[in-house]
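Thanks for coming. I have one structure to go through, and I will keep it short.

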Amino acid sequence: MTTARFDCQYCTASLLGKKYVLKDDNPYCVSCYDRIFSNYCEECKEPIESDSKDLCYKGHHWHEGCFNCTKCNHSLVEKPFAAKDERLLCSECYSNECSSKCFHCKRTIMPGSRKMEFKGNYWHETCFVCEHCRQPIGTKPLISKESGNYCVPCFEKEFAHYCSFCKKVITSGGITFHDQPWHKECFLCSGCRKELCEEEFMSKDDYPFCLDCYNHLYAKKCSACTKPITGLRGAKFICFQDRQWHSECFNCGKCSVSLVGEGFLTQNKEIFCRKCGSGVDADI
């Protein structure tokens, strides 16, 4: 009886009684298989022979003993890992190198754990607390100051001013009038009720008025031009008896020379310089 031949597909050496490897249903002796088909290890660059475990990740191969974290060199076999810039890192090294750091405790915020973001910084959920009551803020409304972040009740208790008009909390902005705080939208003309926060205004008996209302209701009128005298921006005016003039309107009624700081004479409702007044029956 003739025994069927059982040879290596590549070198044709007999495989009877020897170790062999099947590849695509064809048998190969171990040396031929390793030489032809073995992958090369990314770490040591040596072939991964048939009697070694071949670990593969994204088309790359490693010996089991070479499959380690590129930073701490601990084995990654059967452990979670991540890739960064074609480097393999264990979870701890990846977190230290790539994960956000908590703004409060400066420790790594581990992947998968909840983190809070505010103004470009990150916190552990348990570190993102009100500066006063130390309770977690989470996603609740907050108000930030240089000294820290505050929940709304603590901010109102510690820092907030209350609007003189509506008596509600002023959380941001606002203006001060007669040492009292106001919301911008509450600071209105006492006459026409328009907002004054971006307007010039006058005060009468501690009440604010827009210029139109003040001029209409209270402003003195210039005896020369009859326009209102407001005194805004340091504008000067002249008073004599029960009459007033803008400084630029206080001129001689005959020659129009300015009488500001000069002696003058009056006749009825007219004012004159001394030269012009000497020719008329005038009062000093």
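I will take the pockets, then a strand pair, then the salt bridges, and end on one threonine.

A word on the source: this is a predicted model, in which local features need pLDDT of at least 70 and side-chain atom pairs count only at pLDDT 80 or more, while totals for chains, interfaces and linings use all residues. Residues are numbered from 1 along each chain as its sequence is written, and side-chain values use heavy atoms, with hydrogens and water left out.

Pockets, then. A pocket here is an open set of points on a 1 Å grid over the protein atoms alone, where a 1.4 Å probe fits, with protein on both sides within 12 Å along at least five of seven lines; lining residues have an atom within 4 Å of a point. Volume is the space filled by probe spheres set on the points, which are joined across faces, edges and corners.

The largest pocket has a volume of about 320 Å³. Its lining is made of 15 residues, and Glu-42, Trp-62, Glu-86, Arg-87 and Leu-88 lie nearest the centre. Strand S4 (60-63) and strand S6 (87-90) are the elements that give two or more residues to this lining. Helices (H or I, at least four residues) and strands (E, at least two) are DSSP runs, numbered from the N terminus. By class, the lining of the largest pocket holds 6 nonpolar, 4 polar and 5 charged residues. For these classes, Ala, Val, Leu, Ile, Met, Phe, Trp, Tyr, Cys and Pro are nonpolar, Asp, Glu, Lys and Arg are charged, and the others, Gly among them, are polar.

The second largest pocket has a volume of about 260 Å³. Of its 15 lining residues, Phe-103, Trp-123, Glu-131, Gly-148 and Asn-149 are closest to the centre. Strands S8 (121-124), S9 (142-145) and S10 (148-151) each supply at least two residues of that lining.

S8 also has a partner. Strand S7 (residues 115-118) runs antiparallel to S8, and 4 bridges join them; two strands pair if DSSP finds at least two bridges between them. Lys-115 stands opposite His-124 in S8. S7 and S8 form a hairpin with 2 residues between them, and Lys-119 in the turn has a positive phi of about 55 degrees.

Next, how many salt bridges are there? The count is 3, where a salt bridge is a side-chain nitrogen of Lys or Arg within 4 Å of a carboxyl oxygen of Asp or Glu.

One joins Glu-125 and Arg-114, at 2.9 Å from N to O. Glu-125 lies in the loop between S8 and S9 and Arg-114 in the loop between helix H2 (91-98) and S7, so the pair ties together parts that are 11 residues apart in sequence.

Another joins Asp-85 and Lys-84, with the closest N and O atoms 3.9 Å apart. Asp-85 counts as exposed, at 64% relative accessibility, and Lys-84 as partly exposed, at 28%. Buried means under 20% relative accessible area, exposed over 50%, and partly exposed in between (1.4 Å probe, protein chains only).

Arg-134 and Glu-131 also meet in a salt bridge, at 3.9 Å from N to O. Arg-134 is partly exposed at 40%, and Glu-131 is partly exposed at 37%.

Finally, Thr-108, in the loop between H2 and S7. Is Thr-108 buried or exposed? At 13% relative accessibility, Thr-108 counts as buried. Leaving aside neighbours within four places in sequence, Thr-108 is in contact (heavy atoms within 4.5 Å) with residues including Ser-95, Asn-96 and His-124.
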